[in-house]
Amino acid sequence: MRVAILISGGGSNMVALADSMVGDHPARPCLVLSNDPAAAGLVRAAERGIATAAVDHRPFRGDRAAFEAALADPLEAARPDLICLAGFMRILTAPFIDRRRGRILNIHPSLLPKYRGLDTHARAIAAGDAEAGCSVHEVTPELDDGPVLGQARVPVAPDDTPASLAARVLVMEHRLYPAVLRRVAEGDRTPLRLP
């Protein structure tokens, strides 16, 4: 199975995914694509011998359809069977998603359906939640809404800040996303739960 990974920044989840796709893993990375040509994750991907491409979203301000058409060119050229959003900070439109329905995964730093969107850690702390975590889900046109394929939970400490909680959740993201990707690549979409 060919996997394209979309990033916007440093690509730590991309690295976790790429480094997991070795040996008897049924998938291999075929492209790392970013909306930021200066994204550090592109360098990290190239160091691993993975093809990279970038489509700067800034010239397309106000025209998401044109941006997505440009994004689709390197993506379709790579012929991915599956697309993993790994810190890709652009909202994709319904037509883009619908053409690839069932083939796009995303990781989100909350226990969905709680806290869709941004500032998830601050919102969990403000709500007094006892635990936070992350979710891998299938992407649908509704933001952070598709079927959940895996979750990992992290206790919220009394002295947590959004930054300290985010750091602990990120450790679990790096475990959860590769585990879910492997299961999906093997044809298993049964939700996975990590403690």
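**Exercise 1. Is F60 buried, partly exposed or exposed, and how does F67 compare with the cut-offs?**

Step 1. F60 has a relative accessible area of 25%. Step 2. Recall the cut-offs: buried means under 20%, exposed means over 50%, and partly exposed lies in between, with a 1.4 Å probe and protein chains only. Step 3. So F60 is partly exposed. Step 4. F67 has a relative accessible area of 6%, so F67 is buried.

This is a predicted model: local features need pLDDT of at least 70, side-chain atom pairs count only at pLDDT 80 or more, and totals for chains, interfaces and linings use all residues. Residues are numbered from 1 along each chain as its sequence is written, and side-chain values use heavy atoms, leaving out hydrogens and water.

**Exercise 2. Classify the aromatic pair of the structure.**

Step 1. The structure holds one aromatic pair. Step 2. Its rings belong to F60 and F67, with centres 6.0 Å apart and planes at 55 degrees. Step 3. Rings of Phe, Tyr and Trp (its six-membered ring) pair if their centres lie within 6.5 Å; planes under 30 degrees apart are stacked, over 60 edge-to-face, the rest tilted. Step 4. So the pair of F60 and F67 is tilted.

**Exercise 3. Which strands stand at the edges of the open sheet?**

Step 1. Write the order of the eight strands: β3-β2-β1-β4-β5-β6-β7-β8, with mixed pairing. Strands (E, at least two residues) and helices (H or I, at least four) are DSSP runs, numbered from the N terminus. Two strands pair if DSSP finds at least two bridges between them. Step 2. β3 (52-54) and β8 (192-194) each have a single partner strand, so one side of each lacks a neighbour in the sheet. These two stand at the edges.

**Exercise 4. In which sense do β5 and β6 pair?**

Step 1. Take β5 (residues 104-108) and β6 (residues 131-138). Step 2. They pair in the antiparallel sense over four bridges. Step 3.

**Exercise 5. Where do the buried residues of α2 lie?**

Step 1. In α2 (residues 40-47), G41, L42 and A45 are buried. Step 2. Seen down the axis, the buried residues of α2 fall within an arc of 105 degrees, so they line one face of the helix. The arc is that of the directions from the helix axis to the C-beta atoms. Step 3. The buried residues of α2 pack against β1, α1, β2 and β3. Contact means heavy atoms within 4.5 Å.
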